[in-house]
Amino acid sequence: MSNAEISHRPPARRRGLAKRFGPSNRRVFPWVLMAPTLIILFAIGIYPFLYALWIAGQNVILSKPFIPRFFVGLYQYQSVIQDPAFWHAFRTTIWFTLQAVFIEFWLGLGLALLFQRKLRGVSVMQLLILIPMILPPLVAALIWRYMFYPGAGLMTYYSSAVTSWFGLGEVPFLSHPAIAFQTLIFVDVWEWTPFMFLMMAAGLASIPRQPYEAAEIDGASSWRVFWTITMPLLRPAILIAVVIRTMDAFRTYELIVIMTRGGPGNATTTLNLYLTKTGLEFFDASKAAAISLIMMMIIIVMSFVFIRVFRSRTEAAE
Amino acid sequence: MSGIDTRITSPDAAPVQRNWWVYLILIGVCVLNVLPYLWMVMTGFMDKASAASATPQWIFTPSLEAFELLIHNKGIMKNFMNSLIVSVSSTFFSVTIGMFCAYAIARYDFVGRDDVSFWVLTNRMMPPVAVLIPIFVTFQTLKLLDTLPGLIILYTAMQLPFVVWMLTGYFRDIPRRYEESAMVDGDTWFQAFRKVTLPLMMPSITATAIFVMILSWNEFAFATFLTSTEAKTMPPAIMAYSIGANIEWNVLGAAVVLITAPLILFVLVMQRHLINGLSQGVAKK
């Protein structure tokens, strides 16, 4: 038996391959491990990107295939940048993202801090708090569409009981431009504060006890402890949570499509909705591709700056 | 003086924390978070008349009318199975494939590492609508439109950046010397990975997989445009009951029950893993 085992040694060629691509080659082996991921991402990520780049250089309108295609250079980008609707959507998106993420972050952190106390029934309460985040975004949007539906929803019913005291009718939750915008922010906060809470709770759980004990000996106030110990030590958790949430809020889709479809007028038309309308309602594939590339540039720049700022501040703190 | 006092007395005398206002806030938050969903679920068990009533019917006789309509007449269980198959398989593939990529980024110091990890993340930044048209055309040529394998491939790719980013952080937290000592003892790289690193990673992998599974189960934009009949998943199927002039709220409610029940059950079972896994990752940084 032992002879047979010895004779089963891999042939020389395979050993050569193992030497070149195997774990012993520290320069090449990581690329072998990453290859499947990179190939898949290339197929589904890079290829559509290149396709979009190619289409954006032409004048493709899907509903009019008989129009001759030709290259138009940077015309599509120019037409997007000169479109007032684009800038309106841009401001709407930024304002939506900033408000939503800001409120969600502080509410989530506040909730996580409350759970630092010794409480009963923590796991039940945590589970109940997490429910909005577990629901599909589609379902969250449908639920609130129902809640705010004129003549049918709980919110419209009970709020009109209040407003009728002042001689007013139903609150136009989704049909007044400014109110509809705030309604959407409210629903986004409802849906995603639990996510912030979860990330902050995990971050708080991993902060070591020693700095707090030292601060207690020094008699530092809890306000000071929060700003000088908790916040700096939470930075990695905050970075991850805020970057993920910002990127997702920036491209919120289901919520807006289901609740307002970008309306009334274009009050809640974010970039994603503007893009959808251009591409899937007007079938202007080239302009849509240009919009999507501009959007992607914005997101990349935003998160790059974010990560840089946070890294440098974290390193400075250490 | 006071500092010394607290140090001496606090361990013995149980600290009296007046927490009633904390409970008040937390219970308020719980109600706010649960009630809208609960109301939708209740509506699902109403009959057509009570669901259509203008005043909210908090007390009603339960009826399975809406569920019968969905299951017998609309065949929603097919959509349910599609959703299940797609989310389980794409979770399996994305975690298995992304794990090795995360490991490489965490463990090896190769040229261009930061660029690769940032590039992987940028794939998550593309708005789904932006890549929709090219993917639609590609799927059309490859005959993947309205098929389950098509959706599985797409979701696997969509979730990979998230998996890689989550797991990279977790792998960094596991000291390299554990594997190295296993390899000194004669294990190959893969044996060391499987026997030492993987068990240590299990809580984080579980937490990541839970997230990925939920995201795949919930995905809406691609499912809407890339499936029509055969591979239609739950989200686009449910969307159909919410449009039109007179929405039947009890049917919508029943559909919401069907799409969310597995999620709630799943999270109930997995709750402990979720919190443990997440805190493992952010720990010790």
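Biologist: Which residues is A140(A) in contact with, leaving aside its neighbours within four places in sequence?

Modeller: This is a predicted model, so every value here is computed from it. A140(A) is in contact with P132(A), L135(A), V187(A) and E191(A), once neighbours within four places are set aside.

Biologist: Where does A140(A) lie?

Modeller: A140(A) lies in helix α7 of chain A, residues 137-147. Now look along the chain. D188(A) is 48 residues apart from A140(A), and their C-alpha atoms are separated by 9.0 Å.

Biologist: Does A140(A) count as buried or exposed, and why?

Modeller: Count the C-beta neighbours. The cut-off for buried is 20 or more within 10 Å. A140(A) has 26 inside 10 Å, so A140(A) counts as buried.

Biologist: Next, helix packing. At what angle do α5(A) and α9(A) pack?

Modeller: Take the two axes, then read the angle and the separation. Helix α5 of chain A covers residues 84-114, and helix α9 of chain A covers residues 177-205. Their angle is about 45°, and their axes are 7 Å apart. That makes α5(A) oblique to α9(A). The crossing is right-handed.

Biologist: Which residues in α5(A) and α9(A) meet?

Modeller: On the α5(A) side, they include F96(A), I103(A), L107(A) and L111(A). On the α9(A) side, they include I185(A), D188(A), W192(A), M196(A) and M200(A). D188(A) is the residue whose C-alpha atom is separated by 9.0 Å from that of A140(A). By class, the contact of α5(A) with α9(A) has 16 nonpolar, 3 polar and 2 charged residues.

Biologist: Which residues in α6(A) and α2(B) meet?

Modeller: From α6(A), M125(A), L128(A), I129(A), I131(A) and P132(A) take part. From α2(B), the partners are L26(B), V29(B), C30(B), N33(B), V34(B) and Y37(B). This contact has 10 nonpolar residues, 1 polar and no charged ones. P132(A) is also one of the residues in contact with A140(A).

Biologist: How many residues of chain A are in contact with chain B?

Modeller: Count residues on each side. 68 residues of chain A are in contact with 72 residues of chain B. Helix α3 of chain A, residues 29-56, supplies the largest share of the chain A side, with 14 residues. By class, that side has 50 nonpolar, 11 polar and 7 charged residues.

Biologist: How many residues are in the largest nonpolar core?

Modeller: Start with the general idea. In soluble globular proteins, nonpolar side chains tend to be buried together. Here the largest nonpolar core has 147 residues. Those with the most contacts inside it include M200(A), L142(A), L154(B) and A255(B). Helix α8 of chain B, residues 148-172, gives the most to this core, with 16 residues.

Biologist: Which residues does A255(B) touch?

Modeller: Beyond four places in sequence, A255(B) touches L70(B), I76(B), I238(B) and Y241(B).

Biologist: Last, chain B as a whole. How many helices and strands are there?

Modeller: Chain B has 13 helices and 0 strands. Of its 285 residues, 44% count as buried. Take the contacts in chain B between residues at least 6 apart in sequence: 77% join residues at least 24 apart.

Definitions and conventions: Residues are numbered from 1 along each chain as its sequence is written. Chains are lettered from A and ligands numbered from 1 in the order in which they are written. This is a predicted model: local features need pLDDT of at least 70, side-chain atom pairs count only at pLDDT 80 or more; totals for chains, interfaces and linings use all residues. A nonpolar core is a set of buried Ala, Val, Leu, Ile, Met, Phe, Trp, Tyr and Cys residues joined through C-beta atoms within 7 Å. A residue is buried if 20 or more other C-beta atoms lie within 10 Å of its own, exposed if 12 or fewer, and partly exposed in between; C-beta atoms are placed from the backbone. Helices (H or I, at least four residues) and strands (E, at least two) are DSSP runs, numbered from the N terminus. Two residues are in contact if their C-beta atoms, placed from the backbone, lie within 7 Å. Ala, Val, Leu, Ile, Met, Phe, Trp, Tyr, Cys and Pro count as nonpolar, Asp, Glu, Lys and Arg as charged, and the others, Gly among them, as polar. Axes are lines fitted to C-alpha atoms, for helices over the stretch in contact, and angles run from 0 to 180 degrees between N-to-C directions. Angles under 35 degrees count as roughly parallel, over 145 as roughly antiparallel, 65 to 115 as roughly perpendicular and the rest as oblique. A crossing is left-handed if the near helix is turned anticlockwise from the far one by less than a right angle, and right-handed if clockwise.
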